[in-house]
Amino acid sequence: MTVFLKGTDDAPAKTYRLALLDLDGVVYRGADPVKYAAEGIDRAQMLGMRMAYTTNNASRFPHVVADQLRGFGLTLDDGQVITSAVVAARMLRRHLQDGARVLVIGSDHLRDQIRINGMVPVYKAADQPEAVIQAWYPELSWQDLAQAAFAIENGARYFTTNKDQTLPREGGMAPGNGAMLQPVILATGKQPEDSAGKPESAMYDEARQLLADSQEKNLDVDQCLPVGDRLDTDIEAASKGGYDSMVVLTGVARTPAILTAPAKLRPTYLAEDLRGLTMPQPQPSKEADQTWHCGGQTVKVDDDGHVTLRALEGGGDPLSDLDAVRACACALWEYQDRGGDMDSLDLPAFVVGA
């Protein structure tokens, strides 16, 4: 059964208690703020929504990230920043015994989290670690990768903080941790046996526990809304964990990928930026003639994959209207799930999210 985009009569900030915000490509891009992000967060908090800032980046201490966000004019506590280093150390605690030696290919933040969780960080394969945890950090070197490979070849278990292939930076897309795993995988023939970061749902699950009020055991899944810019990490993690999700068009995800996304990568809501947290989300609907409607836009996909866009009276140019994208996504997801040939589609040349 196809799961379509949902709608809300009120702002998501009033519907969900906690937003689980990705950072790179959603709140900032490297050192630069994403346009309208701070505005959307401030408005959402005024409506009663709490914020957790979740990042697969394990290289920076939460207080450093929080200081950067405060520099954008945001108000937050350091504890609202949940890094993959925090989640990775809690993950390793479940896999390893107290006092286990862990070769840390990563930053001081990750080493501190390993210590906090009762394990001992080491620096080289000769220290005979029981496990290797690999993370991205700016000073990553060939020597780091070689030490990881040596330890794994000698029997150490292999873990990672995340598998992001790319990392949004000020100058564009850079290789992420997933790309840096490949040399070790190729050298050893071993894949990491567990990952703390998205697309696993552990990041969201841990954040729900860490940010729960003292009076409550945990926040329920249906009270939390992950928000991200990547279908293959942020949105897939939400799907795996049973969360609703929102994708924003300020980072990696572009309209063509959203329109053709397989079921596990489909968001619940679609917004141009974080101001979408404060706006009712229109509900796409299907008429008896198989035409999808959203706002002032309609979309129909024929059995041969031909896509027809049409604006209703008063509607604007469909190619520049996010409602047309919403309707088109539902129509194409339905077409895909009933076995339509996605390779033969001639996708509309949407300007929004291009």
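The model is a predicted one. Its largest pocket holds about 260 Å³ of space, and the structure also has two cavities of 30 Å³ or more. Helix H7 spans residues 177-188, and its buried residues line one face of the helix.

**Pockets**

- The largest pocket, with about 260 Å³ of space, has a lining of 16 residues.
- Nearest the centre of the largest pocket lie Val3, Ser239, Ala263, Arg266 and Thr268.
- By type, the lining of the largest pocket consists of seven nonpolar, five polar and four charged residues.
- The second largest pocket contains about 160 Å³ of space and is lined by 14 residues.
- Asn57, Ser59, Arg60, Trp136 and Arg169 are the lining residues nearest the centre of the second largest pocket.
- Five nonpolar, five polar and four charged residues make up the lining of the second largest pocket.

- Empty space left among the atoms shows up when a probe the size of a water molecule is rolled over them.
- A total of 19 residues line the largest cavity, and Asp24, Asn56, Asn57, Asp164 and Leu167 are the closest to its centre.
- Strand S10 (166-169) and helix H9 (231-241) are the elements that each give two or more residues to the lining of the largest cavity.
- S10 supplies the largest share of the lining of the largest cavity, with three residues.
- The lining of the largest cavity divides into four nonpolar, eight polar and seven charged residues.
- The second largest cavity has a volume of about 30 Å³.
- The residues lining the second largest cavity are Tyr28, Thr55, Asn57, Ser59, Arg60, Val65 and Thr83.
- Of the residues that line the second largest cavity, two are nonpolar, four polar and one charged.

**Helix H7**

- H7 has 12 residues and reaches 17 Å from its first C-alpha to its last, close to the 16 Å expected at 1.5 Å a residue.
- Asn177, Gly178, Leu181, Val184, Ile185 and Thr188 are the buried residues of H7.
- Seen down the axis of H7, these buried residues fall within an arc of 110°, so they line one face of the helix.
- In an α-helix there are 3.6 residues a turn, so residues three or four places apart point the same way.
- The cover over the buried residues of H7 includes strand S8 (131-134), helix H6 (142-153) and strand S9 (157-160).

Definitions and conventions
Residues are numbered from 1 along each chain as its sequence is written. This is a predicted model: local features need pLDDT of at least 70, side-chain atom pairs count only at pLDDT 80 or more; totals for chains, interfaces and linings use all residues. Side-chain values use heavy atoms; hydrogens and water are left out. On a 1 Å grid over the protein atoms alone, a cavity is a set of points where a 1.4 Å probe fits but cannot get out, and a pocket is an open set with protein on both sides within 12 Å along at least five of seven lines; lining residues have an atom within 4 Å of a point. Grid points are joined across faces, edges and corners, and a volume is the space filled by probe spheres set on the points. Ala, Val, Leu, Ile, Met, Phe, Trp, Tyr, Cys and Pro count as nonpolar, Asp, Glu, Lys and Arg as charged, and the others, Gly among them, as polar. Helices (H or I, at least four residues) and strands (E, at least two) are DSSP runs, numbered from the N terminus. The expected span of a helix is 1.5 Å times one less than its number of residues. Buried means under 20% relative accessible area, exposed over 50%, partly exposed in between (1.4 Å probe, protein chains only). The arc is that of the directions from the helix axis to the C-beta atoms. Contact means heavy atoms within 4.5 Å.
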